[in-house]
Amino acid sequence: MENSASGSFLRNRRLESFLETKSGPNVRETQKIPCKQVITRQKPNKTDAFVDDDGWIPTLISCVRIVTCYLAMMVTTFIWAIIMLMLLPWPSQRVRQGNIYGHVTGRLLMWILGNPLKIEGTEFSNERAIYICNHASPIDIFLIMWLTPTGTVGIAKKEIIWYPLFGQLYVLANHLRIDRSDPSTAIKSMKKAVQAVKKHGLSLIIFPEGTRSKNGRLLPFKKGFVHLAIESGLPIVPIILTGTHLAWRKGSLHVRPAPISVKFLPPIKTDSWTADNINDYIKMVHDIYVENLPEAQEPISTDDTQNSSRS
């Protein structure tokens, strides 16, 4: 009798719990609050949804994938280096072939790494524009190689030429380099870049932070991308990358199966921008990134981000 009574009591409690879950207004209201915030701020909420396993089997798989990526990149780079050499007299064609190389190689490398990938806002990915992107991982390079449109050139530090394979092809593809050690030289390089963009009808891709974040958190933006926008009149298309810092951390050779998200935001018109308000434009664009990044990638404070950018 006691067992029967206790069983009946438990069944009634389960039924009451079920009914409260289905019809209780308080439960619904508390669940809506975080959802509403996520939608309003467009915050990704599943960036960390993976098991960070440093066991020998995941490490071995990671090593195999990295070696495979390197071999695949060697093959595609060799093929396109021959194509580039044949096209030396035609710079615009080398730019185009460099983009095709990036589309093929970037997509291939992401397939080899095997990270779950979500891409949004692709309707904004075919604009003639200045594409900007937060930078926290080598994977960012693969993604922008793959996803930026044909007719896009990058702007990188002059030392990129010494990167094995990639650096030499970067130069052959007629992409742009700047000398960041001297501000006056860097400004001249920027002006040459704008002239090339206007002359050949090109787009640009640049990392506005100027360096790679060590922990995935957003760093302060440099002024270069705003100067380029003012001089060229091109709109700015922000690309928001989330999760890449977890998938392949700076200084690590272990690629983890973290989900990655790529989101193209609507273009920001810059044709009315003036040099008098550069800091305001930088803050506006930086705030857009803060609004769209998960909390784990937001800057902690101004002091922290400045320290990170110096290191």
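UniProt positions are given here in the numbering used for this structure, feature names are shortened, and annotations may be inferred rather than shown by experiment. The model is predicted, so local features need pLDDT of at least 70 and side-chain atom pairs count only at pLDDT 80 or more, while totals for chains, interfaces and linings use all residues. Residues are numbered from 1 along each chain as its sequence is written, and side-chain values use heavy atoms, with hydrogens and water left out.

**Stop 1: residues 67–88**

Select residues 67–88, where an unreviewed UniProt entry places the feature "transmembrane region". The span is 91% helix and 0% strand, and its end C-alpha atoms lie 31 Å apart. Helices (H or I, at least four residues) and strands (E, at least two) are DSSP runs, numbered from the N terminus.

**Stop 2: helices H3 and H4**

Next, select helix H3 (residues 56–86) together with H4; their axes come within 10 Å and cross at roughly 165 degrees. Axes are lines fitted to C-alpha atoms, for helices over the stretch in contact, and angles run from 0 to 180 degrees between N-to-C directions. The crossing angle makes H3 roughly antiparallel to H4; angles under 35 degrees count as roughly parallel, over 145 as roughly antiparallel, 65 to 115 as roughly perpendicular and the rest as oblique. H3 passes H4 in a right-handed crossing. A crossing is left-handed if the near helix is turned anticlockwise from the far one by less than a right angle, and right-handed if clockwise.

Display the side chains where the two helices meet: H3 contributes residues including Trp80 and Met84, and H4 contributes residues including Tyr101 and Leu108. Contact means heavy atoms within 4.5 Å. The residues of this contact between H3 and H4 divide into 13 nonpolar, 6 polar and 2 charged. In this count Ala, Val, Leu, Ile, Met, Phe, Trp, Tyr, Cys and Pro are nonpolar, Asp, Glu, Lys and Arg are charged, and the others, Gly among them, are polar.

**Stop 3: helices H4 and H5**

By class, the contact of H4 with H5 has 9 nonpolar, 5 polar and 1 charged residues.

**Stop 4: the sheet**

Now select the strands. They include an open sheet of 7 strands in the order E1-E7-E6-E2-E5-E3-E4, with mixed pairing. The edge strands, E1 (117–120) and E4 (176–178), each pair on one side only; two strands pair if DSSP finds at least two bridges between them. E1 and strand E7 (residues 260–264) pair in the parallel sense over 4 bridges, and Ile119 stands opposite Val262 in E7.

**Stop 5: helices H8 and H10**

Finally, show H8 and H10 together; their axes come within 10 Å and cross at roughly 110 degrees. That makes H8 roughly perpendicular to H10. Phe225, Val226, His227 and Ile230 in H8 meet Ile278, Tyr281, Ile282 and Val285 in H10.
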